[in-house]
Amino acid sequence: MKTTQLKTFIDPQKIWDVIEKNKNPSKKQIEDIIEKSKSVKTLTPNEVACLINLKDEDFWQEIFKVALEIKKKVYDNRIVVFAPLYLSNYCVNKCVYCGFRSTNKNVVRKNLTLEEVKNETETLAGKTGHKRLIAVFSEHPQYSNIEYITDVLNTIYSVKIKTKNSYASIRRVNVNCAPLSIEELKLLKQSGIGTYQVFQETYHPKMYQKLHSKGTPKSDYLWRLYCMHRALEAGVDDVGIGVLYGLYDWRFEVISLVFHAIELEERFGVGPHTVSFPRLEPAINTPFVEKTPYKVSDEILKKIIAIIRLAIPYTGMIITAREKKEFRNEAINLGITQTDASSKIGVGAYSKNFEQQTPEIQQFILSDTRSLEELVRDLADKGYITSFCTAGYRCGRTGDKILSLIKCGKEAIFCKLNAILTFKEWVDDFASEETKMKVQPLIEKELKEVKTKIPNLYPLLIDYYERISKGERDLYF
Ligand code: SAM
Ligand code: SF4
C-alpha cells in the first residue's frame, strides 16, 4: 500500500488531550493503577498519562518497586545479552542527530565485505562467546539493499568456530535497518531473522519532518510508522520498536509508543516483542545533540522505563551501552530484560581489535565499555543470571505464540532452563577461573530452584547440564 493511502494512528491532538486530561491524577487513581499493574495487566493510554503527570516522589518509589516485581514475575532474574554488529556507515539520509548522516564530513566511511562479516562473527562468537547479535545497517542502495542484508545473515549463521571445549556459533541475528517492503521482509524471514527492529525516532510528525530532510528516504514518516505492520504481515513476528529520547517531548513519545503497541496488538494479536530506550549520545561533528531542548535526564528515563514496564508488562525491554554502567545497573532493576556487552560500534572494530571508542567511524559514543565477562560478574553480584538463550524463535515460539506462553507462565519455565544451560556453556568455554568460581554458587542456586519449582523437568535439565559439561552444545528446551 502506498503511504499516501495510509491513515496514521498517531493523532498529535488526541495525544496532547490525553496528557492534558490527566494532568492532576488523584491519589486514588494512582493507587488503582499500581494495584492493576501488580496483577500484570496492560494499562490504557489514560492510565499511562496519569503516570506521566505524576509528581509525588513517594509514589514513584513505589512504582519503581512494582516495575521490578512485574519484571521478576514475567522474566524472573534473567538478563539476555547480545552484541551489536555494524555493517556500514555509508548513509544517504541526513538525520541531524546521527554521526552517519551523509553531510557529516568528519566520518571515515567503511562497509564490511562478507569476508569481513565472517571475521567479525568469528571474533564475537569464538573469542567473546556471544550467541546473539543485532546487525545494524545504515541506509544506502549499495550497502543496505536486501541482497546484502540477507547475505550478511547467511554469512553470520554459517560461521562455526572451534572453542576450547567444543564449537561456537551465532544462533540468533536480530536486524536494525531502514524500513523494508513486505517482499523484502519475507526474504529476511527466510534468512532466519530474529527480531526486526526499527525505532520511530520521534512519533511527532512535524518534528519528524524537521529532523529528516525532505527528499531523503527517511523523511517518509508513514512508511516508517507502518514498517512493523508490514513485518507482521510478512510473517516476521518478533518486532522491536523504540523512541530516540532527546528529539521531542518525552511525554508525547511515551503515549505514542503505547498507542503503537495497542495498534499492533489490535491488528495482529501481538504487541512489540521488544521496546528499546535509546537516548541521544554525542557523535562526531554532531552539534544537534548538545543543542536539543528535549534532553531527557536520568531521572526521567528511569520513570519512562518503569512506565513502559507497567504499561506493556509482557514486552522485552532493551537498554544499550549508550548508557553508563551505573544507569544500566539501575535500569535493570526497573524492568530491563536485555542488554549488550563488549560492544564496539566502529565498523569492523571487533576483528581488527580497534579501540573500544573510534569516534570517526562510529554513529555515536558509547558510555559503557564493559566486557561481557565484566557484565556477567556484575550481574551475578546482583543475583541476575546472564542468558544466552536463543531457543524461542528456533522452536517457533515467536509473536503471539510466545506471548500466550509468557502469559500463562510456560515460557518463563523454558527460559529459566535455557538460561541455565546457555550460561553453563558460556562459563565452560569463555570464563576465567576467577569468574567461574564467582558464578558457580548462582548456577547451583538456579538448579536447586528448578528442582523444587519444576521437579518434572529437573532430571532432563541435569542430563543436558552434564552433557554440556562434557562438551556437547546447543541443548535446549
Ligand atoms: N539507519 C537505520 C535507521 O535509521 O533506521 C538503522 C538504525 S541506526 C544505525 C540505529 C539507531 O541509532 C537509530 O534508529 C537511532 O535511534 C539511533 N541513533 C542515531 N543517532 C544517535 C545518537 N546520536 N545517539 C544515540 N542513538 C542514536
Ligand atoms: Fe543513516 Fe540511520 Fe544515521 Fe539516519 S540514523 S543518518 S538513517 S544511519
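Start by selecting ligand 1 and the 18 residues around it, of which Tyr-97, Glu-201, Lys-218, Arg-224 and Glu-281 come nearest; a residue counts as near if one of its heavy atoms lies within 4 Å of the molecule. Before you go on, note that this is a predicted model, where local features need pLDDT of at least 70, side-chain atom pairs count only at pLDDT 80 or more, and totals for chains, interfaces and linings use all residues. Residues are numbered from 1 along each chain as its sequence is written, chains are lettered from A and ligands numbered from 1 in the order in which they are written, and side-chain values use heavy atoms, with hydrogens and water left out.

Colour the shell of ligand 1 by class and you get 9 nonpolar, 3 polar and 6 charged residues. Here Ala, Val, Leu, Ile, Met, Phe, Trp, Tyr, Cys and Pro count as nonpolar, Asp, Glu, Lys and Arg as charged, and the others, Gly among them, as polar.

Next, zoom in on the polar contacts (pairs of N or O atoms within 3.5 Å). Show Arg-224: an N or O atom of its side chain is 2.7 Å from an oxygen atom of ligand 1. Then show the side chain of Gln-363, where an N or O atom is 3.3 Å from an oxygen atom of the ligand. At Phe-137, look at the backbone instead: a polar atom there is 3.1 Å from a nitrogen atom of ligand 1. How much of ligand 1 does the protein cover? The protein covers 96% of the 570 Å² of accessible area that the ligand has on its own (Shrake-Rupley method, 1.4 Å probe).

Now zoom out to the cavities. The whole structure has 4 cavities of 30 Å³ or more; on a 1 Å grid over the protein atoms alone, a cavity is a set of points where a 1.4 Å probe fits but cannot get out, and lining residues have an atom within 4 Å of a point. The largest cavity has a volume of about 770 Å³. Select Tyr-86, Val-136, Asn-176, Arg-322 and Gln-363, the closest to its centre of the 48 lining residues. Ligand 1 sits in this largest cavity, meaning that more than half of its atoms lie within 2 Å of the grid points.

Finally, select ligand 2, which also sits in the largest cavity. Around ligand 2 you will find Cys-91, Cys-95, Cys-98 and Gln-363, among others.

Notes. Polar contact = N/O pair within 3.5 Å; in protein donor to acceptor, adjacent residues only side chain to side chain. 1 Å grid on protein atoms, 1.4 Å probe; cavity = no way out; pocket = protein on both sides within 12 Å on 5 of 7 lines; lining within 4 Å. Points joined across faces, edges and corners; volume = space filled by probe spheres on them.
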